[in-house]
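The following exercises concern a protein model and the contacts within it. Each task is followed by a worked solution.

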Amino acid sequence: MKLKHLVRLRRISQAAFLIFFLFLLVESRLPQNIYLETALAPEQDLRLGRPVTFFFQLDPLIGLSSLLSGHRPISGLGWGLAILLLTLFLGRIFCSFICPFGTLHHAVGSARPALRGSRQVQCNQKTAGQRIKYFLLTALIVSALLGLNFTGLLDPIALLFRSIALAVIPGLGAGARSIFNALGGSRSVLLSRTGYGAEEFFAPVFGYHIQAYQTAWFIGLLFLVILFLNRIRPRFWCRVLCPLGALLGLCARFSILKLKKYPEKCTQCNLCLKHCQGAASPRPDQTWETAECHMCFNCEHVCPEEALAFGFAPRPKLNPRPDIGKRALLGGLAAGFSFPLLGRLDGRIDKAPDPRLIRPPGSLAEQQFLTLCQRCGLCMKVCPTNAINPTLAEAGMGGFWTPHLIMTRGYCEYTCTLCGSVCPTGAIEPITAREKIARPVKIGSAYLDRGRCLPWSGNAPCIVCQEHCPTSPKAIYLKTDFVLRSDGKNMQVQLPYVDLKRCVGCGICENKCPVRSLPAIRTVSAGESRSSSNQILI
Amino acid sequence: MMNFNRPLTRRESLRTLFNLSGALTLTGAAVGALKSPLSAWSAPGKKFLVEAVGQVPGYNIKSLTRKAFDAAGGISRFIARGDVVVIKPNLSWARAPQFGATTHPEVLQAVIELCQEAGARRVRIADNTIHDARRCFAVTGAGLVAKNTGAELIHPRSSMMREMDLKGNLLGSWPVFVPLVEADKLINLPVAKHHSLSSLTLGMKNWIGAVDGSRWSLHQDIDESIVDLSRFFKPTVTLIDAIRIMTRNGPSGGSTADVAPKHTLILSDDPVAADAGAAQLFGRRPDQLGFVRLAQKSGLGTYDFSTLDRRRVLL
């Protein structure tokens, strides 16, 4: 194949995988036109029609860290192993041909380069900073081995998914929706029709309702900062920070696809350096850094003297050792040993869990959960009520950005089991609606704040919590009684009580309680099925 | 000819309704003179209450629905050729049909098909559900019905809620689910079931699913709220699905043990009479329901069965 074609093929592949990634991301929600073929069977499960976890399976770092930490193979682990195998033969081909985050950086970095001329050459020289990614990889893997898996915080696929799903799309969505609402509420027929029409068109991508996520501003800001780093050094993330890039770099040692250099032909024009994506020292007088090379084939493509050529080595011979650096390695080991311990210092696992830490239905016990959860945000994206949100401090330092339910924003719908069905690593187990009800899978329990409750406090009759309670028989029951009103008269009301045996902690009572800001009935994690100690009743 | 593509103002809709009802009465009388006595519209001005009961095991729900409408003069008495019909079922909960928490999909399908046979230009299904609308529409079977019949399922969206003056005793400006006020003909298609506050939820209470906003605060004066909403939303007819009724643990249910088969449909052009008729299936006297009493007092209709043209058809 001619090289010109190979570079073109790379661009096509990059575009295709980025589009496919975004397509699957957008499809990670219940579609509007979903229906069941037979409506008459009870407790059927609604499922997504697309393989939305595909990119998480393709990512060997997610598969590897889950295997090391949670001791279980994720479904579709084979895809990740295939990528590793591919890397063994062809180097970091994933970084330049497949990785959607890499493509984004590639595009941002070359759309309008911030640096020109000699500065462009300089910024593409290899630096010691590129060892940071090995430090991060070591820290993440060691920490995962010791039971705290936060690989997903820095894994490119998880990071990209989280950023786009929780920050970019909701941000654009909220902006556009405020325009449509203004149009839709207008008295002018033309404007209101335009409003509905635009929303119909727009909603399948940006969500059927306003989506908002706790700490999403920080997720979005971090994303912007990471993109901005391309102005300092092209593909800063891929070169310096990406732990997946580091893992693939290690495997590239064995690659049989090598860059052959002909220094005698080189005129030191530096075009190869100007276009190098990985800062992998492509110039013929330098030693090619296989572990840093993204296999973008730019250098050979731009070389006017044919001084560079990629080719398969006939005999297997190891490539140069990746420049990891002792300090990065030792630092990574130290950090990797420290994080799991630091993560337990706040006592969230050993002492008392946070009452607000209500995990999605089917979540594993906390310690096990933290070995698998990648904080990718897929469960949060698919949750139809927007209840599942990233944690801030609820799960302690070790559980930052893991999923939990905020019942004032949404609630867990009684027969919905979508989050577990999409979790890429099984941190949330796939359960069926039938199991969820029959076991039952409890995520917490509700309690009444009688001082705020309308009937209990003598303010007004109300039964909204009981009305919405989905269990049968209801976990919230009513007792007709008289309460004293402010005028001294007795008012007949129905007073709600919670039956903890029946309550599953779904939180719809808290969500629908007419007492706003701080509802009069609230949900806490106590009573969750996944914990043997966080219980109320014997 | 009216322009159906724009919302009606209140005055216009009243005028149209007035014209239409006059025309219909005349047509009804004329047709009645010509046709069989069953479909005759005997007493102009007198409201009707039809109770259709399926007695044969395995009866066809569509035939039962058709019979109910035929007893009231046929569907074309209510739906004219070219109408945009909006059906307001009760699809509040993502519950399978046999739990009786939502309108039976076969009844919904039958009504849609009858409207289409009568020449409706478009049939739309609109409900501002409590559970997530996508899940409600899928699980209750309404999604499948929409797909099979070609009716349009309108998903409640924020851009479809418009602040409108309900002009009620209790309720003033409130966000209203717009498609319900933009219809030529509005059919209220609730399910009959138990409710812990209003004791039953039937036709008039179904309008809580036609508004948005902080509607859970309506429960602080549920009877007045229901009557205010019924004053605002004027359906052409109310058809109450009592094929099976939820007798306890309402309004969401969740167990077939809460459900009793009644094989009944209640059809009326008087919203109060429809609710009163359905209440009897639960063994309740209409005057035991606060909102029914208040609605009659407010002049929205009557639960005095003797003043109604009352019919019972069997299948």
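Buried area is the accessible area, taken with a 1.4 Å probe, that two parts lose on being put together, summed over both. The model is predicted: local features need pLDDT of at least 70, side-chain atom pairs count only at pLDDT 80 or more, and totals for chains, interfaces and linings use all residues. Residues are numbered from 1 along each chain as its sequence is written, chains are lettered from A and ligands numbered from 1 in the order in which they are written, and side-chain values use heavy atoms, with hydrogens and water left out.

**Exercise 1.** Describe the interface of chain A and chain B by area and by residues.

*Solution.* Step 1: the two chains bury about 4,400 Å² between them, with 51% of it on carbon and sulfur atoms. On the side of chain A, the residues that lose the most area to chain B are A:Y35, A:Y196 and A:E467, together 13% of what that side buries.

Step 2: contact (heavy atoms within 4.5 Å) involves 56 residues from chain A and 49 residues from chain B.

Step 3: polar contacts are pairs of N or O atoms within 3.5 Å; within protein, one atom must be able to donate a hydrogen and the other to accept it, and residues adjacent in sequence count only if both atoms are side-chain atoms. Between chain A and chain B, 23 residue pairs are in polar contact, both residues at pLDDT 80 or more. Helices (H or I, at least four residues) and strands (E, at least two) are DSSP runs, numbered from the N terminus. With 8 residues, α10(A) gives the most to the side of chain A that touches chain B.

**Exercise 2.** Which residues form salt bridges between the two chains?

*Solution.* Step 1: a salt bridge is a side-chain nitrogen of Lys or Arg within 4 Å of a carboxyl oxygen of Asp or Glu. By this rule, 4 salt bridges cross the interface.

Step 2: one of them pairs A:E467 with B:K205, whose closest N and O atoms are 4.0 Å apart. Another is formed by the side chains of B:E182 and A:R193, at 3.2 Å from N to O. B:E182 lies in the loop between β6 (173-177) and β7 (185-189) of chain B and A:R193 in helix α10 of chain A, so the pair joins two chains.

Step 3: buried means under 20% relative accessible area, exposed over 50%, and partly exposed in between (1.4 Å probe, protein chains only). B:E182 is therefore buried at 11%, whereas A:R193 is partly exposed at 31%.

**Exercise 3.** Locate the salt bridge of A:R530 and A:E366 in chain A.

*Solution.* Step 1: the closest N and O atoms of A:R530 and A:E366 are 2.8 Å apart.

Step 2: this pair links distant parts of the chain, 164 residues apart, with A:R530 in the segment after β8 (521-524) and A:E366 in helix α17 (residues 366-372) of chain A.

Step 3: A:R530 and A:E366 are both buried.

**Exercise 4.** Is A:N389 buried or exposed, and what are its polar partners?

*Solution.* Step 1: A:N389 belongs to strand β3 (residues 388-390) of chain A. With a relative accessible area of 0%, A:N389 is buried.

Step 2: a polar atom of the A:N389 side chain lies 3.1 Å from the backbone oxygen of A:A387. The side chains of A:N389 and A:R409 are joined by a polar contact of 3.3 Å.
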